[in-house]
Amino acid sequence: MVCKLEDVSKVYQNSRIFHGVNLTLESGFYGVVLGGNGSGKSTLLKIVSGGLMPTTGKVSFALPSKNLTGFEMVRHLSFAAPYIDLIEDLTMRELLHFSQKFKPFKRGISTDEVAAYSGLMRFLDKPVKYFSSGMKQRLKLTIAILSDTAMLLLDEPHSNLDQKGMQWYQDLLGNHLQNRIVLVGSNHQEGEYFFANECIDIADYKR
């Protein structure tokens, strides 16, 4: 998998968020987008995900055998963030089965095993709307990390997690990097990007 950002910029209401972003992300790229609150790191992740269009420039994706359209890319990308909602009227079991229809979990991992990885197995038949914010975050991260995708985007993954949950996240992600493109947005919380071999400082694209 290769993802290219070419001269990407974003402007909101005549205010330039960032500009001149030129990046090439390939399988085995484990990176972090660093920036404070309101800096634009989440905006950049949304653009990479295809959920938001850049004001200028373009984002392209390719597999070894073909270039991918934005619609095709959705199958190969998973994204977890505090602002991405779950379908809360479903039970956890129903949500896992629903998610798997769109993006299968990694080979050999069943939905029950996904639940076990999350640490929420005893809540399988509980509607998600009754989950705490920390439980929802665990569920979002588990689905994203264990989906069989070539690119993984995580925005502020420590959000709503306690100390035990932060260690759980690090253990889960550390065991499932596996030559993907992994890009995390972080407000300088090192535990969120413990794995990173590349750093993208959003401030570099505001000058």
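Five strands, in the order β6-β7-β8-β3-β9, form an open sheet with parallel pairing. Strands pair if DSSP finds at least two bridges between them. Helices (H or I, at least four residues) and strands (E, at least two) are DSSP runs, numbered from the N terminus. This is a predicted model: local features need pLDDT of at least 70, side-chain atom pairs count only at pLDDT 80 or more, and totals for chains, interfaces and linings use all residues. Residues are numbered from 1 along each chain as its sequence is written, and side-chain values use heavy atoms, with hydrogens and water left out.

**The parallel sheet**

- The edge strands are β6 (77-80) and β9 (198-201), and each pairs on one side only.
- From one strand to the next, the twist averages 15°. Axes are lines fitted to C-alpha atoms, for helices over the stretch in contact, and angles run from 0 to 180 degrees between N-to-C directions.
- Strand β3 (residues 30-34) runs parallel to β9, and 4 bridges join them.
- V32 has C199 in β9 as its bridge partner.
- Helix α1 packs on this sheet and touches β3, β6, β7 (151-155) and β8 (181-186). Contact means heavy atoms within 4.5 Å.
- The direction of α1 makes about 155° with that of β7.

**The antiparallel sheet**

- An open sheet of 4 strands has the order β2-β1-β4-β5, with antiparallel pairing.
- Its edge strands are β2 (15-26) and β5 (66-68), each pairing on one side only.
- Here the twist averages 25° from one strand to the next.
- Strand β4 (residues 56-63) pairs with β5 in the antiparallel sense over 3 bridges.
- L63 has K66 in β5 as its bridge partner.
- Helix α1 (residues 41-49) packs on this sheet, touching β1 (2-12), β2 and β4. The direction of α1 makes about 130° with that of β1.

**K41 in helix α1**

- K41 lies in helix α1.
- K41 counts as buried because its relative accessibility is 3%. Buried means under 20% relative accessible area, exposed over 50%, and partly exposed in between (1.4 Å probe, protein chains only).
- Leaving out residues up to four places away in sequence, K41 touches V33, G35, G36, E156, G185, S186, N187 and I202.

**Helix α4 against helix α5**

- The axes of α4 (residues 111-118) and α5 (residues 133-146) come within 9 Å and cross at roughly 130°.
- That angle makes α4 oblique to α5. Angles under 35 degrees count as roughly parallel, over 145 as roughly antiparallel, 65 to 115 as roughly perpendicular and the rest as oblique.
- V114, Y117 and S118 of α4 make the contact with R138, T142 and L146 of α5.
- By class, this contact of α4 with α5 has 3 nonpolar, 2 polar and 1 charged residues. Ala, Val, Leu, Ile, Met, Phe, Trp, Tyr, Cys and Pro count as nonpolar, Asp, Glu, Lys and Arg as charged, and the others, Gly among them, as polar.

**Helix α5 against helix α6**

- The axes of α5 and α6 (residues 163-174) come within 11 Å and cross at roughly 5°.
- That makes α5 roughly parallel to α6.
- On the α5 side, the contact is made by R138, L141, T142, I145 and L146. On the α6 side are K164, G165, W168, Y169, L172 and L173.
- The residues of the contact of α5 with α6 divide into 7 nonpolar, 2 polar and 2 charged.
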